[in-house]
Amino acid sequence: MNFGFSEEQELLRATARKFLENECPSSTVRKLMDTPEGTTPEFWAKLAEQGWLGLIFPEAYGGVGLGVVDLVVLMEEMGRVVMPGPYLSTVLLGGLALLEAGSEAQKKQWLPKIAAGETRATLALTEPNARWDAQGVTATAAATGGGAFTLSGTKLFVPDAHVADLLVVAARTGPGAVGAAAGSEDGVSLFLVPRRAPGLEVTLLPTMDQTRKLCEVKLAGVRVPADALLGVAGQGWRPLRRVLERATVALCAEMCGGAQRVLEMTTEYAKIRIAFGKPIGAYQGVKHKAADMLVEVENAKSITYYTAWAVDENAPDATLAVSMAKACVSDAYRRVAGAGIQLHGGIGFTWEHDLHLYFKRAKSSEFTFGDATHHRERVAQLINL
Amino acid sequence: MELTPTPEQRSFRDEVRAWLRGNMPRQWTARLAASSDVPRAEAYDLLRDWQRRLHAAGFIGLTWPREYGGRGLTFMEEMILAEEMALAKAPPVLNILGIGMAGPTIIAYGTEEQKKRYLPKILSADEIWCQGYSEPNAGSDLASLQTRAVRDGREYVVDGQKVWTSLAHTSDWMMLLARTDPDAPRHKGITYFLLDMHLPGVTVKPLRQITGDAEFNEVFFDGVRVHDSQVLGGVNNGWAVGMTTLMYERLALGFGLQMRLRIALDGLIEMARRAEKAGHAVTKDPVLRQKIAQLWIDTECLKYTGARAITRLLKGEMPGPEASTGKMGWVETHQRLQELAMEIQGPYAQLVKGSDWAVEDGLWQHAFLRSRANSIEGGTTEIQKNIIGERVLGLPKG
Ligand SMILES: Cc1cc2nc3c(=O)[nH]c(=O)nc-3n(C[C@H](O)[C@H](O)[C@H](O)COP(=O)(O)OP(=O)(O)OC[C@H]3O[C@@H](n4cnc5c(N)ncnc54)[C@H](O)[C@@H]3O)c2cc1C
């Protein structure tokens with residue numbers, strides 16, 4: 001057993017740390033989060049140059065061919081600086097959906113472009129019902145003959161749809177499709193839709209976490225041709241689940257990176273801030289809270305690393321591990337970020353201090369791909385409670 | 001990251017599993033196995049016999065050198081063994097303080113004679129050990145201990161008192177910390193002795209615990225004469241030696257704790273399946289489902305945090321931050337588990353052994369009460385947090 005990272009992975013970590021400290025300090029994060037795009041063409045091009053936009057795509061599609069464990073290393077570093085922009089949406093949602101469900105031709109056409117930074121993609125899955133399961137998909141795709149479909153419905157909480165070139169839209173294929181019983185996993189289909197398609201309207205939503213851009217996507221009779229279908233009609237949920245699992249591990253890693261940074265900021269501050277003639281870290285009310293934060297961070301990392309390995313290896317408990325990880329890390333990051341503000345006192349409550357970037361990212365991440373309550377229920381089901 | 005077992009590890013696992021299948025003690029009824037903490041007093045003979053048989057089969061002292069009766073294996077095998085014991089709901093090992101603490105410390109500091117003399121009998125359960133650290137005026141602040149050992153020729157004369165000494169009433173030997181130089185700074189004048197509990201002048205008085213059992217004791221020393229060949233690690237060097245013991249305690253007991261936690265969780269789920277709340281199975285109650293799932297998650301997290309710590313050790317690296325968080329995490333999780341067991345039972349939680357209405361013969365009530373000690377024994381949670389804050393996070397001392 002080796003529960004550690006390889007030399008190559010440590011090198012990736014060091015490279016990413018240096019790159020992000022230089023290219024994405026908090027001054028940059030703040031500038032970017034104030035723009036609707038959340039990134040700049042220059043920054044995006046640099047991510048492509050590093051190979052990170054295609055990190056987990058096979059080399060045949062212009063990627064680097066690395067695994068989820070490698071991805072975890074990179075995501076931890078991105079979370080550490082609260083990197084804004086459409087990385088998660090483009091690479092782990094849109095990109096992975098193409099990889100999992102797309103035909104050879106679709107993959108060949110789009111993945112190299114995503115890896116090169118020329119195309120951005122996202123996944124339009126969730127709706128106003130705010131569910132992360134198949135039952136949540138109520139948007140419809142009506143067959144209009146010759147394999148063409150018309151998409152209707154409203155998608156909500158769609159990350160970065162406003163800057164995506166392509167949206168992978170989950171919708172129910174109408175009567176006639178295989179096993180399209182309303183609400184079941186069968187009958188969910190995936191479509192590749194250009195953002196500029198007529199009838200598709202994207203509205204950027206104001207979000208608490210300004211580093212994560214969310215959109216409403218209205219589909220008012222969007223007509224798509226036969227080759228827009230990703231994979232088999234009615235069979236989209238299976239590949240989608242694999243996409244969500246990997247995206248969830250990646251998000252957990254990003255959250256671990258953020259939580260680790262909050263812990264560091266807090267212990268550094270506790271050593272220098274003096275109250276009643278002593279550094280505040282000498283007081284047990286502070287010290288013990290910091291120790292609790294460490295326990296949370298370490299456990300969050302342990303389950304995330306295990307899950308990354310389990311997903312890479314298709315281990316029998318991979319699905320269970322993903323839910324354990326998301327439940328654990330959602331709570332951990334929220335609590336650690338909250339404690340970070342508390343232990344900083346007034347300065348921690350200012351806009352100027354970076355802590356709120358982490359606190360807000362913890363909150364948005366908590367509700368992305370299902371919160372702790374959702375995943376604990378999943379765990380309960382998977383252990384046959 | 002490579003978590004797939006090697007062929008050797010797989011065959012070791014098979015060996016353990018096969019042996020356990022054929023050798024689980026029959027008297028170890030479902031009743032005794034249902035929870036994490038067994039009233040040991042009920043089971044000393046059984047547990048001694050169980051350790052003997054484990055030892056004969058080669059499953060005690062896996063990481064100890066072969067020349068002293070160990071198997072020369074790694075912590076990896078120790079982890080596999082603990083996992084399999086948990087799956088089989090196997091009884092705990094009786095001489096846990098000997099195996100987990102005294103033995104490793106003797107391996108680290110002992111002379112060749114001492115190793116030959118003490119180690120094999122620890123493994124075979126022929127000599128049971130207890131830990132004589134705490135005193136009435138020295139618990140968390142251990143360095144203020146006052147039990148004296150005064151040199152007289154080739155012997156030391158010990159006077160004083162220990163308290164909360166688990167298993168002292170059934171022990172043959174004690175890891176004793178006593179002050180040999182009262183004039184030296186607190187940490188400098190302490191010596192670590194291997195003390196024969198059968199010597200004249202040693203008196204053991206059991207203390208009744210909140211469970212009603214008497215597992216820990218007061219131990220009085222009245223002119224007890226200890227030979228100087230029973231000093232471990234040098235005179236006035238006892239603090240360093242004693243701290244080594246505590247390091248091993250956290251590490252080695254960790255596997256056992258993990259195993260008991262897993263058994264308790266499986267037992268809790270089984271109990272929850274049978275229990276009803278407001279007319280439906282407890283396992284269908286949305287709130288209780290959340291709590292059970294959370295325990296499952298926390299138990300797994302602790303396992304993987306332990307695995308990360310072992311990876312570092314196997315690579316010969318220094319223990320990282322993950323090594324020190326284990327005990328605290330375990331304590332918090334186990335106490336929450338026992339609280340939940342009570343919550344699941346509802347009003348039945350009030351009934352203890354002796355009533356036909358008691359759930360599973362009141363075993364959970366015992367385990368619940370016993371779990372309160374977890375955050376006190378082996379260093380309180382507050383002290384653990386001080387240590388983590390100061391040594392791992394580098395925060396200033398208070
Ligand atoms: C079931 C059981 C079995 C035991 N078995 C053994 C054994 O076999 N051998 C042995 O030697 N000992 C044993 N002990 C003793 C145990 O190690 C001590 O009880 C423990 O170290 C605490 O010491 P104390 O009881 O003197 O409490 P105190 O040290 O007086 O502590 C009282 C309270 O004050 C807190 N406190 C103390 N100092 C600080 C500080 N600096 N910062 C913050 N809070 C502080 C403690 O956390 C605790 O909450 C056992 C205890 C129990 C409950």
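Start by selecting helix H6 (residues 104-115) of chain A: Lys108(A) and Glu104(A) sit 4 residues apart in this helix, about one helical turn from each other. Helices here are DSSP runs of H or I with at least four residues, strands are runs of E with at least two, and both are numbered from the N terminus. Residue numbers start from 1 along each chain as its sequence is written, chains are lettered from A and ligands numbered from 1 in the order in which they are written, and side-chain values use heavy atoms, with hydrogens and water left out. This is a predicted model, in which local features need pLDDT of at least 70 and side-chain atom pairs count only at pLDDT 80 or more, while totals for chains, interfaces and linings use all residues.

**Salt bridges in chain A**

Lys108(A) and Glu104(A) form a salt bridge, with their closest N and O atoms 3.3 Å apart; the term means a side-chain nitrogen of Lys or Arg within 4 Å of a carboxyl oxygen of Asp or Glu. An α-helix has 3.6 residues a turn, so residues three or four places apart point the same way. Lys108(A) is partly exposed at 48% relative accessibility, and Glu104(A) is partly exposed too, at 42%. On this scale buried means under 20% relative accessible area, exposed means over 50%, and partly exposed lies in between (1.4 Å probe, protein chains only).

Next, pick Glu185(A) and Arg241(A), a salt bridge with 3.6 Å between the closest N and O atoms. Glu185(A) belongs to the loop between strand S4 (166-173) and strand S5 (188-194) of chain A, and Arg241(A) to helix H7 (residues 237-272), so this pair ties together parts 56 residues apart in sequence. Glu185(A) has a relative accessible area of 38%, and Arg241(A) has 32%.

Then select Glu10(A), Arg13(A), Arg17(A), Glu76(A) and Glu77(A) together to see a network of salt bridges. Over all chains the count is 55.

Which side chains meet in a salt bridge at 2.8 Å, N to O? Glu135(B) and Lys162(B) do. Glu135(B) is in the loop between strand S1 (129-132) and strand S2 (148-152) of chain B, while Lys162(B) is in strand S3 (residues 155-166), 27 residues away. Glu135(B) is buried at 5% relative accessible area, and Lys162(B) is buried at 0%.

**Where two domains meet**

Now colour chain B by its domain assignment, which comes from an automatic or database source: domain 1 (7-123), domain 2 (129-236) and domain 3 (240-392). The centres of domains 1 and 2 of chain B, taken over C-alpha atoms, are 26 Å apart. At their interface, 19 residues of domain 1 of chain B are in contact (heavy atoms within 4.5 Å) with 18 residues of domain 2 of chain B.

Across this interface the rule finds 0 salt bridges. On the side of domain 1 of chain B that touches domain 2 of chain B, the elements giving two or more residues are helix H3 (44-56), helix H5 (96-109) and helix H6 (112-123) of chain B. H5(B) gives the most, with 7 residues.

**Last stop: H8(B)**

Finish with helix H8 (residues 286-314) of chain B, whose 29 residues reach 42 Å from first C-alpha to last, close to the 42 Å expected at 1.5 Å a residue; that expected span is 1.5 Å times one less than the number of residues. After H8(B) comes Gly316(B), with a positive phi near 75 degrees.
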